[in-house]
Amino acid sequence: MTRSETLTWLRETGEARLAALWHEADRARRQFVGDEVHLRGLIEFSNFCRRQCGYCGLRAGHLQLQRYRMTAAEILDCAAAAVRFGFGTVVLQSGEDPGIEAGWLANIVRRIKATTPLAVTLSVGERSEADLRAWRDAGADRYLLRFETSDRALFDRIHPPIPGRRSDRFAQLGALRRLGYQIGSGVMIGIPGQAYTTLADDLDLFRQLDLDMLGVRPFIAHPQAPRGELPSAECRLPN
């Protein structure tokens, strides 16, 4: 599909044409993925975060939030419950928490893999390649890291860089690929300032990155986040 055709479909509002598109998407889904539903248990083990993302309720500047970190025993109990519930995967997810030491999390991953049949997915933000390697060596199967938008200026607007360190999620995705992870990434739709041309670039990046998992979610700012006053996106979400 050409870029012009992609933009035309992104702007399409005709119900009959959209119905045909949904039908084709469902046919492709059935052909390449099938009709099975795989259950994954999400363990939100820490809500500490060093980032100041403008839409997020976990942002470091949200001082009214009650913070927590689960213990290793609590996480392992949740993993055991996931097995009883019939889940095939646990997702260990947190804010970008510098208090989560690589060795501590590697030990938890190692114990889950040794005592359960679960696949382990990590979603803990941007970390060093050494940390990613330690977790992969411990048995982690997958890693989730959304690039959120292909527009660098828009990304920096809603994800202010940490002083002295500029985010490069594409470099992180490349490191994850080299280390042998299955990789999940994705974007948000409806970011203030976003345009259809940006979404067309996002779709092109999906093709280039050859991701194992794709996630597309709406931009929804936490009520106490500072981004509610930004201008509307060109590509508004349906009511």
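1. In what order do the six strands of the open sheet run, and is the pairing parallel or antiparallel? The order is S1-S2-S3-S4-S5-S6, and the pairing is parallel. Bear in mind that this is a predicted model.

2. From one strand to the next, the twist averages 20 degrees.

3. Now look at one pair inside the order. Strand S3 covers residues 119–123, and strand S4 covers residues 142–144. Two bridges join S3 and S4 in the parallel sense. Leu122 stands opposite Tyr143 of S4. In general, strands of a sheet pair through backbone hydrogen bonds.

4. Next come helices on the sheet. Helix H3, residues 72–84, lies across S1 and strand S2, which spans 89–94. H3 runs at about 170 degrees to S1. Helix H8, residues 196–209, also packs on the sheet. H8 touches S6 and strand S5, the latter spanning 182–189. The direction of H8 makes about 170 degrees with that of S5.

5. Helix H5 (residues 129–138) and helix H7 (residues 169–179) have axes that come within 10 Å. These axes cross at roughly 35 degrees, and the crossing is right-handed. On the H5 side, the contact is made by Glu129, Leu132, Arg133 and Arg136. H7 brings Gln172, Ala175, Leu176, Arg178 and Leu179. By class, the contact has four nonpolar, one polar and four charged residues.

6. Then turn to the second largest pocket. How much space lies in it? About 950 Å³. Its lining comprises 41 residues. Gln93, Ser123, Arg146, Glu148 and Arg217 lie nearest the pocket's centre.

7. Which strands supply at least two residues each to the lining of this pocket? They are S1, S2, S3, S5 and S6. The lining of the second largest pocket has 16 nonpolar and 16 polar residues, along with nine charged ones.

Technical notes: Residues are numbered from 1 along each chain as its sequence is written. This is a predicted model: local features need pLDDT of at least 70, side-chain atom pairs count only at pLDDT 80 or more; totals for chains, interfaces and linings use all residues. Side-chain values use heavy atoms; hydrogens and water are left out. Two strands pair if DSSP finds at least two bridges between them. Helices (H or I, at least four residues) and strands (E, at least two) are DSSP runs, numbered from the N terminus. Axes are lines fitted to C-alpha atoms, for helices over the stretch in contact, and angles run from 0 to 180 degrees between N-to-C directions. Contact means heavy atoms within 4.5 Å. A crossing is left-handed if the near helix is turned anticlockwise from the far one by less than a right angle, and right-handed if clockwise. Ala, Val, Leu, Ile, Met, Phe, Trp, Tyr, Cys and Pro count as nonpolar, Asp, Glu, Lys and Arg as charged, and the others, Gly among them, as polar. On a 1 Å grid over the protein atoms alone, a cavity is a set of points where a 1.4 Å probe fits but cannot get out, and a pocket is an open set with protein on both sides within 12 Å along at least five of seven lines; lining residues have an atom within 4 Å of a point. Grid points are joined across faces, edges and corners, and a volume is the space filled by probe spheres set on the points.
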